[in-house]
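Which side-chain arrangements deserve attention when a model of this kind is examined by eye? The report below takes up rings, charges and packing in turn.

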Amino acid sequence: MIATEGIEDEEKWLAEGIAAIQHNAFYMSRALDSDNLREALKYSALLLSELRTSKLSPHKYYELYMRAFDELRKLEMFFREEDRHGCSVIDLYELVQHAGNILPRLYLLCTVGSVYIKSKEVPAKDILKDLVEMCRGIQHPTRGLFLRSYLAQISRDKLPDLGSEYEGEGDTVMDAVDFVLQNFTEMNKLWVRMQHNGPVRLKEKLEKERSELRDLVGKNLHVLSQIEGVDLEMYKDVVLPRVLEQVVNCKDEIAQYYLMDCMIQVFPDEYHLQTLETLLGACPQLQPAVDVKTVLSRLMERLSNYADSSPEVLPDFLQVEAFAKLSSAIGKVIEAQVDMPVVGAISLYVSLLTFTLHVHPDRLDYVDLVLGACVKKLAGKAKLEDSKATKQVVALLSAPLEKYTNIVTVLTLSNYPRVMDHLDGGTNKIMAKIIIESIMKNDTCVSTDDKVEVLFELIKGLIKDLDGTATDELDEEDFKEEQNSVARLIHMLYNDEPEEMLKIICTVRNHIMAGGPKRLTFTVPPLVFSALKLVRRLQGQDGDMAGEEIPATPKKIFQLLNETIETLSSVPSSELALRLYLQCAEAANDCELEPIAYEYFTQAFVLYEEEVADSKAQVTAIHLIIGTLQKMTVFGVENRDTLTHKATGYSAKLLKKPDQCRAVYACSHLFWVDDQDGIKDGERVLLCLKRSLRIANAAQQQANVTRGSSGPVTLFVEILNKYLYFFEKGNPQITPAAVQSLIELIKTEMQSDSTTPDSASDAFFSSTLRYIQFQKQKGGLMGEKYGPIKV
């Protein structure tokens, strides 16, 4: 309630002040119009007297000040025209000093002083010095700040600068700098004193009010930066030391933070680089509560952008040893501010690392030093739990990845994994995914065993459980995404040298085997295929190579693969293991290693017998076995017969009759391999096809008994297509008569009352008949073969 009343009172006082200014401004304007100097001075003094109030907050006082400022501009224009008021500027300068109250007197004096400088009747420095000294008469913080702000405003275009019309005859750039620095110093003192302007309980409100006025003080630094004559030498010898002296000595955290930041923003980057030691030397002297990390971060950001702007400036960074100075300053600040939170220290290292990557991208030792300093700061602390600190560490670790698109460069940084060790399990995974994404995005190939070791140490959060987190606790989709990213990574590991590639495979295997059974289904297949690629590169090397630590031969790799695939039985994932055994058997076939290929088929059949129980899985598995066995060329007659017999036997034992039928007719391809001499056993092909016909017939009868209808004739049409395939391939056992009788059988079945009409089966059969007709009409040898068949 009291606060509300205070606001209402303030609004009332402001309204009264504005009304009084407007009232006096009216009479002042009338006096100006009639060229009445005495009346104009009288009403302008009355108007300015409203600025003597102490009742308004800085925000409201600013509104009042701007009303008065607008009127003073009119008065200044009147003072310039001597023929209107008939008084010389020297006399006018004396005359306004007779105003009754000091505040109106000084505003009028500054206004006339502006005209006096413009007249060039006396050196500008004398008037500026007089005005800046006279303004000491107002020591009330708010009133004094606005008065000096007015002085800065009206004098900024009248400073004796290089090339300025006010330079010369005793006026130098140094005089301009002295004036601005003196005004800045006095304004800063007034601004700092504002904190004592009220009771302690209103400290927060006072600090907010002070922050609103900071730009009045900062304008002086902006004016300094705009003075043409302030070159690097003057900045180094005069401006910077005096500004820093004021900043350090004021011992006020708000002022120190704002002014340091303001200096960094307004003065040129080149000046900051050449005076880095002086600027950084002030940082440890600031109050403990000052946010030095933000100041330093902004300085490094500006210097980084400066380095990016032109390659020509990079030697300057080396000459002044910018990295060493910044690194040392950050160390001192962290040491001096013992209460600085971890997030603050890490954010400083992030800025330093960003600076290093921009300015010295080739200096990996600098990058590692920054990471090492971060490790030192985090030493002895548990895993980071502060989300902000964790975010900064991720930013620290991500910066080198973004700069060095080749992950191999990052893997040479010895402190990189040590920083990652301080992340909690969840964030470690996020960082690991970022690393993998970087590799994928830039298509980076990691080609040495030691680099792979470091890489897998970095992504260990994805390949094994950290902090006791069980895989069961993870979201299923997230877990799959994580493991798929690891699988993709394995394909990016490659070396042209077989021995080195085998070392890489062994290293990866050691890491993924420690990941627990749930991960193996994702990580074992890419490892197996990576090893099989190596096997195919080594085809023909079946002996051991002497003198090698790990001889990279197909036999050695197949042995490793056998041990690796066996681990899937602990998952269990028998279907995946069976597929991988068949892939290995195919590779062994290409290498002409019959015993190894036979062993893999044996393992596949054992898995089929003992582990594959689901009927659908059995169907898929037997077709995979048949398809792979059909392509094998390495087996002798005995081994091939054994495996073929097994395959046909298992085909006939499938649960459902249609599945049996399809598997058995698929086995017919095992006895007729078109591109290989010797395996063209027409009789056994016919036996398989006849057996599949019997099974199809049994399936029809079974359906008739159970459902009252025999179902569609799809199986018969499929068998007919197999007959046609082998008929075209020249199998002497498949005669036109056999094909004709099968066509008649299908037609009879389709016309039977017990057959269930099925449009898909009818279309399939019609299409097959059209194909036969097409071959007949085509002529040539194939046309003659199909001639006897009637459709």
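What follows is a description of a predicted model, arranged by type of interaction.

## Aromatic pairs

The count of aromatic pairs comes to 26. In one of these, the ring centres of Tyr-61 and Phe-146 are 5.0 Å apart with the planes at 50°, so the pair is classed as tilted. It links distant parts of the chain, since Tyr-61 belongs to helix α3 (residues 58-80) and Phe-146 to helix α8 (residues 141-155), 85 residues apart. Tyr-61 is buried, having a relative accessible area of 1%, and Phe-146 is likewise buried, with a value of 0%. Both residues also belong to a cluster in which ring pairs link Tyr-61, Tyr-62, Tyr-65, Phe-69, Tyr-107, Phe-146 and Tyr-150.

Another pair is formed by Phe-601 and Phe-635, whose ring centres are 5.9 Å apart and whose planes stand at 70°; because edge-to-face applies to angles over 60 degrees, the pair falls in that class. Phe-601 lies in helix α32 (residues 594-610), whereas Phe-635 lies in the loop between α33 (615-631) and α34 (637-652), so the pair ties together parts that are 34 residues apart in sequence. The relative accessible area of Phe-601 is 0%, which makes it buried, and Phe-635, at 10%, is buried as well.

## Charges over rings

In soluble globular proteins, nonpolar side chains tend to be buried together. In this model the largest nonpolar core has 271 residues, and those with the most contacts inside it are Tyr-416, Ile-435, Phe-456 and Phe-558. Helix α19 (residues 342-359) supplies the largest share of this core, namely twelve residues. When residues up to four places away in sequence are not counted, Tyr-416 touches a set of residues that includes Leu-371, Leu-397, Leu-401, Val-410, Met-431, Ile-435 and Leu-458, and also Asp-368 and Ser-398.

Helix α19 also holds Ser-347, which counts as buried at 13% relative accessibility. Leaving aside neighbours within four places in sequence, Ser-347 is in contact with Lys-293, Ser-297 and Gln-392. The C-alpha atom of Ser-347 is separated by 30 Å from that of Val-446, a residue 99 places away along the chain.

## The two sides of helix α10

Helix α10 (residues 203-212) has Leu-206, Glu-209 and Arg-210 among its residues, and these three are buried. Seen down the axis of α10, the buried residues fall within an arc of 100°, so they line one face of the helix. An α-helix has 3.6 residues a turn, so residues three or four places apart point the same way. On the other side of α10, Glu-204 and Lys-208 are exposed.

The buried residues of α10 pack against α3, α9 (173-193), α11 (214-226) and α13 (253-266). Helix α9 is also the place of Glu-186, which is buried with a relative accessible area of 9%. Apart from neighbours within four places in sequence, Glu-186 is in contact with Arg-136 and Arg-148.

## Salt bridges

The count of salt bridges comes to 25. One of them joins the side chains of Lys-325 and Glu-277, at 3.7 Å from N to O, and it links distant parts of the chain, with Lys-325 in helix α18 (residues 322-336) and Glu-277 in helix α15 (residues 276-282), 48 residues apart. Lys-325 is partly exposed at 24% relative accessible area, while Glu-277, at 57%, counts as exposed.

Glu-457 forms a salt bridge with Lys-460, with the closest N and O atoms 3.0 Å apart; Glu-457 is partly exposed, at 33%, whereas Lys-460 is buried, at 15%. In a further salt bridge, between Arg-662 and Glu-718, the closest N and O atoms are 2.9 Å apart. Arg-662 lies in helix α35 (residues 657-667) and Glu-718 in helix α37 (residues 714-728), so this pair ties together parts that are 56 residues apart in sequence. Arg-662 counts as partly exposed, at 27%, and Glu-718 is buried, at 15%. Salt bridges that share partners also join Arg-73, Glu-76 and Arg-80 into one network.

Notes: Residues are numbered from 1 along each chain as its sequence is written. This is a predicted model: local features need pLDDT of at least 70, side-chain atom pairs count only at pLDDT 80 or more; totals for chains, interfaces and linings use all residues. Side-chain values use heavy atoms; hydrogens and water are left out. Rings of Phe, Tyr and Trp (its six-membered ring) pair if their centres lie within 6.5 Å; planes under 30 degrees apart count as stacked, over 60 as edge-to-face and the rest as tilted. Helices (H or I, at least four residues) and strands (E, at least two) are DSSP runs, numbered from the N terminus. Buried means under 20% relative accessible area, exposed over 50%, partly exposed in between (1.4 Å probe, protein chains only). A nonpolar core is a set of buried Ala, Val, Leu, Ile, Met, Phe, Trp, Tyr and Cys residues joined through side-chain atoms within 4.5 Å. Contact means heavy atoms within 4.5 Å. The arc is that of the directions from the helix axis to the C-beta atoms. A salt bridge is a side-chain nitrogen of Lys or Arg within 4 Å of a carboxyl oxygen of Asp or Glu.
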